[in-house]
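Trainee: I'd like to learn how to read a structure like this one. Can we take it feature by feature?

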Protein chains: 2
Amino acid sequence: MSEKNEFVYITIADAIEQQILNNTLRTGDKLPSLRMLCDQYGVSQNTALSAYYRLESKMLIEPRPQSGYYVQYTASRIPRVPELSRPSAIASFGLNELLVSQVYDNLGEGASLALATPANALLPVARLNKALLLATRELNGSGVAYDKVEGNERLRRQIARWALPMRPGLSHQDVITTSGCLNALSYCLMAVTERGDTVAMESPVSFGMLQLAEALGLKVLELPTHPASGVDLNAFEAALENGSAKASLLMSNFSNPLGSCMSDENKKAAVALSCQYNVPLIENDVSADIYFGPTRPRSCKSYDESGIVLWCGSVSKTLAPGYRVGWVAPGRFRENVLRMKLYHHISGTAITQEAIGSFLETGRYERHLKQLRHILNGNMNRYSRAISDYFPEGTRASRPQGGSVLWVELPGEIDTAVLHRKALARNISFAPGRIFTLQNQYQSCMRLNYGLIWSEQTESQLKTLGELACAF
Amino acid sequence: MSEKNEFVYITIADAIEQQILNNTLRTGDKLPSLRMLCDQYGVSQNTALSAYYRLESKMLIEPRPQSGYYVQYTASRIPRVPELSRPSAIASFGLNELLVSQVYDNLGEGASLALATPANALLPVARLNKALLLATRELNGSGVAYDKVEGNERLRRQIARWALPMRPGLSHQDVITTSGCLNALSYCLMAVTERGDTVAMESPVSFGMLQLAEALGLKVLELPTHPASGVDLNAFEAALENGSAKASLLMSNFSNPLGSCMSDENKKAAVALSCQYNVPLIENDVSADIYFGPTRPRSCKSYDESGIVLWCGSVSKTLAPGYRVGWVAPGRFRENVLRMKLYHHISGTAITQEAIGSFLETGRYERHLKQLRHILNGNMNRYSRAISDYFPEGTRASRPQGGSVLWVELPGEIDTAVLHRKALARNISFAPGRIFTLQNQYQSCMRLNYGLIWSEQTESQLKTLGELACAF
């Protein structure tokens, strides 16, 4: 299939998907026949079939033998989204490190649901190997000598190029490479905070952020956050206004663990507030390329005129977590961040950066992303349905429009730390809610990873998990 | 030439070298003829010739036409070694960051003398490329997925194997990989100190250590250090005894910038003192494989029964600085160091670690090291002679028995910061002494790098440098 056709069938599928999601088309509605679709869009039967196949794999439509395609999506089978989180501002219980160990020291075969990175089978391993081989030939000295502190230039140019639609004017000189996104966040926090300072974050928040803050002697102010729309702006402003937060750290797009995504208005407002109160905003934008909508959501950085946003990313969620290739565009804090990299590492691993740089230069990355988004979008819908089918009545779940994790809130008094132990005995793991906060909360919640190849085993794991929860 | 012969000619050369260095053979003495050497050792003429060639390239002997080989080494042409450093214990002037920038932001063609890493031409680039290709085939998932926190197992086994002669009982489970040695030191300092603590170090000390300490909010206690025998043990004990130092950081073998090497007795005593006062000893052992003597010097770690030593290393001085492959055997601080790595990086770059691991498995590393040691030993002797020939009367210089840098002390009031500006105008750079201390001292000193391929240009740069100093 040519590039052009590929584009056309997605356009058609996306148009129909929008009509299904906004209820123009409703469950049970019959869709146009393949021939009608061909006439309507002026495309070949193959293209029309591809469009329907795409919608079918997303579980939005179903074929009925001898009859045609019908809308299958059922809003009633989609769990309701949890409400805005209400983290306590007073008592801090600390991170439940023991629970973190219980989950991540015992990852066996059933590990897949507990992680937050795409499974190996989703990554373009062979093409990355080729890129690495190419890098040994094209990189000066094959990357054996020290790289510049700011990092590989080819990669930095590609980052700037990829970021261009959302941040015109960003150049490779604004970009510093890092050893993965966590390393970027670590440099940023070291660059803009002092030991004892408070950092405002979404709540729940990835336990990695809580561990990093603790390692740096920082306090964390957990902000109320909505599973769909992200951090509560009033709480965000209050934290900045009263001077309690010396920096904020937000995952504006497809947050971990909620899967929330801030609206453009909220992003713009968050940047304006950060400017107004002169509080650096560290933006973890590691999952934004895995969007399920028509375009990449904007980042806070795209509204940043004054350099108050430190924009961090990596290829760990999309290409190669093991390469440890990440970056930061630190705005006006460039000198400080660069110094942190120099003082702690001298420079980064040049050869893997060059390989990723060359991978991003061609169309390979976009083609890979299209496929990845499609698979994960389908998985997200399958998880939604499985939660609706197997989990206790009243279970809520976030419905991320990108990324690879979703957030589940079980009804009543179900303690997911206990549930985790029971699940582990059945060789199933997941991430209990309590590890995503320093407060005594989210005990009935869990984070599930859908960054995998869906199989009968996945369905069966989710079913078992639901049954264990029902029997609680 | 077979492996066996290679070994024999080195044995012969080393035996003669020892006799020259300990003055059994003296300048002008005639050496045995090639035929006599063959008879004496029972070797072929080729092997005998190789032995003499080796000594000739080290500038220890010279051939005289129609006559034979004569001892050329002249103790009187070797500069005297500087005296024990006497850092002030009171006033701290801070690091001269401006001077650091002046030196390292302006590295052009004449950079070679200012660095502290081997030139690219000394590194086995083609063989490393092969190892990298092999790693994409042999490493599970080609290293695209996250590695274990502790790092690549193949590399960790090789580190333990290489360390075995000097630390029996060290296993791969004691080793954690890092992103270069500086990163290892950074984890260690984070693991065993708190902001505001004092760390005892040699003086002069690599400015990278001073920058790292500053970034972590640590104070530095500079200890008197001898250019040949390393840190002064009385001062070391005093720092531990009065409780002022919460940790020590020592470069026991071929220190940067002095090139000093602690005796086995002193290493043993330093470990015993660290144990007695319960003060962690962080050992930077990054240059020990580049020894000029018959065997690798022992490390402090080899005397460590209680786990008080955190032993750090990397391949940045011997194989591939740009790969950022280092490690630490943190003794009893393993959990803390591992946590620092997890919190700041999740894990390391798997593919470069695997490549280095496979490189170390074969004899390639040892063969490469033999060649590297030989070249650097010759260079060190050439530098000594050039300093004696061209630098002002009374110039002193350390005479490292390994590593790639030496320390020069100019007589009188010559300010090497000013000399550096003059040299830079002639396209020559070096590292002025003031950047290796937080005190107001070492202004008449400089560090010179001999980790390069000696050429007429090198000779001419040293000559110009000497002339500029003489004209000061």
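Trainee: Which backbone oxygen lies 2.6 Å from a polar atom of the side chain of Ser85(B)?

Mentor: Keep in mind that this is a predicted model. The backbone oxygen in question belongs to Ser203(B).

Trainee: Where does Ser85(B) lie in chain B?

Mentor: Look in the loop that runs between strand E2 (68-71) and helix H4 (97-104) of chain B.

Trainee: And is Ser85(B) buried or exposed?

Mentor: The cut-off for buried is under 20% relative accessible area. Ser85(B) has 8% relative accessibility, so it counts as buried. Leaving out residues up to four places away in sequence, Ser85(B) touches Ser203(B), Pro204(B), Leu223(B), Pro224(B), Thr225(B) and Tyr442(B).

Trainee: Let me try another residue. What does Glu17(B) touch, not counting residues up to four places away in sequence?

Mentor: Its contacts are Leu55(B), Lys58(B), Leu60(B) and Asn377(B). Glu17(B) sits in helix H1 (residues 3-21) of chain B, and because its relative accessible area is 7%, Glu17(B) is buried.

Trainee: How do I read the way the two chains are arranged?

Mentor: In general, two copies of a chain are related by a rotation about an axis and a shift along it. Here, a rotation of 180 degrees with 0.0 Å of shift along its axis puts chain B onto chain A, with an RMSD of 0.1 Å. The two copies are therefore related as by a two-fold rotation axis.

Trainee: Which C-alpha of chain B is nearest the axis?

Mentor: That is the C-alpha of Leu133(B), 3.4 Å from the axis. Both copies also use the same surface: 100% of the contact residues of chain B recur in chain A.

Trainee: Now the domains. What does the assignment give for chain A?

Mentor: It gives domain 1 (3-73), domain 2 (78-121 + 368-470) and domain 3 (123-364). The C-alpha centres of domain 1 of chain A and domain 2 of chain A are 31 Å apart, and their contact takes 9 residues from domain 1 of chain A and 9 residues from domain 2 of chain A.

Trainee: How would I describe the size of that interface?

Mentor: The size of an interface is often given as the accessible area lost when the parts come together. Domain 1 of chain A and domain 2 of chain A bury about 900 Å² between them, with 50% of it on carbon and sulfur atoms.

Trainee: How many salt bridges are counted between domain 1 of chain A and domain 2 of chain A?

Mentor: The count is 0 salt bridges, while 1 residue pair is in polar contact across this interface. On the side of domain 1 of chain A that touches domain 2 of chain A, helix H1 (3-21) and helix H3 (45-57) of chain A each supply at least two residues. The largest share of that side, 3 residues, comes from H1(A).

Methods:
Residues numbered from 1 in each chain as written. Chains lettered and ligands numbered in written order. Predicted model: local features only at pLDDT ≥ 70, side-chain atom pairs only at ≥ 80, totals over all residues. Heavy atoms only, no water. Helix = DSSP H or I, 4+ residues; strand = E, 2+ residues; numbered from the N terminus. Buried < 20%, exposed > 50% of the residue type's maximum accessible area, 1.4 Å probe, protein only. Polar contact = N/O pair within 3.5 Å; in protein donor to acceptor, adjacent residues only side chain to side chain. Contact = heavy atoms within 4.5 Å. Least-squares fit on C-alpha atoms with pLDDT ≥ 70 in both. Domains from an automatic or database assignment. Buried area = accessible area lost by both parts, 1.4 Å probe. Salt bridge = Lys/Arg side-chain N within 4 Å of Asp/Glu carboxyl O.
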